[in-house]
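Biologist: Could you bring up the model and go through it with me?

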Amino acid sequence: MKRDDGSDSGCEELRADAERNRQLLLQAAREDFADQGLDASSKEIARRAGVGIATLYRRFPTRQDLLVATFGPKLAAYTEAIDRALKDPDPWRGFCDYLTAITGMQQGDRGFRDILTQAFPNSRELRAQRDRVYHGVAELIERAKATGRLREDFVPEDVPLLLMANAGVVAATAEHAPESSDRLVGYLLQAFASAAASDLPPPATPQRMYRALTRHQPG
């Protein structure tokens, strides 16, 4: 149906309905993933959004499409955290603030906690973010070591190790003792300082750690 100004009101209504459904699905996905992690059911997400499963697949044809749309803003914040850390004139403070920030992102959202302890969803844009974060973390580590305050044997692969450890603590204590995560991170930051350094077992290679991170890659 054409309006007086010549526009097609029917098409506009369809576009508005499509966008409304997309936003309902994203809100439902954020809630379900936060509660249940990345194993949340697509059918349950559609039910929570009040739409049919066919509508979900029209808006998000693959699971990866849904994950990227749902977690894109948080992954952008994850990337921004390393940018802020690299701008800090005190690299050791930037290092500590960065680890505090990203472990804080694990709290209150089981799905994002899963994302941070697995490989990022497999999209070109998010692979670029992942690579940017990895290289930024490696640079931040070297800067912090140059101050003499970060232990010399700390490597980039220790960051996902920290995230995996914190994810377990968050999951176990979230309901009754959520402050436990902050305490763990505080302990570990002290252990990362050069003043606390003593011999450690060798770290996993980057290749072995990557395989660990992709152990349950969402399909």
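Predicted model: local features only at pLDDT ≥ 70, side-chain atom pairs only at ≥ 80, totals over all residues.

Biologist: OK, and which residue does Arg-130 form a salt bridge with?
Modeller: The partner of Arg-130 is Asp-131, with the closest N and O atoms 3.6 Å apart; a salt bridge here is a side-chain nitrogen of Lys or Arg within 4 Å of a carboxyl oxygen of Asp or Glu. Asp-131 is partly exposed as well, at a relative accessible area of 38%.

Biologist: How many salt bridges are there in the whole structure?
Modeller: A search of the whole structure gives 12 salt bridges. One of them joins the side chains of Asp-17 and Arg-20, at 2.0 Å from N to O. Both residues belong to helix 1 (residues 9-36), where they sit 3 residues apart, about one turn of the helix. Asp-17 counts as partly exposed with 32% relative accessibility, and Arg-20 is also partly exposed, with 47%.

Biologist: What about Asp-32, what does that residue pair with?
Modeller: Asp-32 forms a salt bridge with Arg-48, and the closest N and O atoms of the two are 2.7 Å apart. This pair links distant parts of the chain, since Asp-32 is in helix 1 and Arg-48 is in helix 2 (residues 42-49), 16 residues apart. Asp-32 is buried, because its relative accessibility is 0%, whereas Arg-48 is partly exposed at 33%.

Biologist: Which residues are in the network of salt bridges there?
Modeller: The network links Glu-31, Asp-32, Asp-35 and Arg-48.

Biologist: Stepping back, how many helices and strands does the chain have?
Modeller: The protein chain has 10 helices and 0 strands, where helices (H or I, at least four residues) and strands (E, at least two) are DSSP runs numbered from the N terminus. Its C-alpha atoms fill a box of roughly 75 × 40 × 30 Å along the principal axes, and buried residues make up 41% of the 219 residues. If we take contacts between residues at least 6 apart in sequence, 70% of them join residues at least 24 apart, contact meaning heavy atoms within 4.5 Å.

Biologist: Where does Leu-56 lie?
Modeller: Leu-56 lies in helix 3 (residues 53-59), and with a relative accessible area of 2% this residue is buried. Leaving aside residues up to four places away in sequence, Leu-56 touches Leu-25, Ser-42, Ile-45 and Ala-46. Between Leu-56 and Val-155 there are 41 Å in space, C-alpha to C-alpha, and the two are 99 residues apart in sequence.

Biologist: Now the packing: at what angle do helix 5 and helix 7 pack?
Modeller: Helix 5 and helix 7 (residues 124-146) pack at about 135°, with their axes 8 Å apart; axes are lines fitted to C-alpha atoms, for helices over the stretch in contact, and angles run from 0 to 180 degrees between N-to-C directions. The two helices are therefore oblique to each other, given that angles under 35 degrees count as roughly parallel, over 145 as roughly antiparallel, 65 to 115 as roughly perpendicular and the rest as oblique.

Biologist: Which residues meet in that pair?
Modeller: From helix 5, Pro-91, Trp-92, Gly-94, Phe-95 and Tyr-98 meet Val-133, Val-137, Leu-140, Ile-141, Arg-143 and Ala-144 of helix 7.

Biologist: And how do the axes of helix 5 and helix 8 cross?
Modeller: The axes of helix 5 (residues 91-104) and helix 8 (residues 158-173) come within 10 Å and cross at roughly 40°, which means that helix 5 is oblique to helix 8. Leu-99, Ile-102 and Thr-103 of helix 5 make this contact with Val-159, Leu-162, Leu-163 and Asn-166 of helix 8.

Technical notes: Residues numbered from 1 in each chain as written. Heavy atoms only, no water. Buried < 20%, exposed > 50% of the residue type's maximum accessible area, 1.4 Å probe, protein only.
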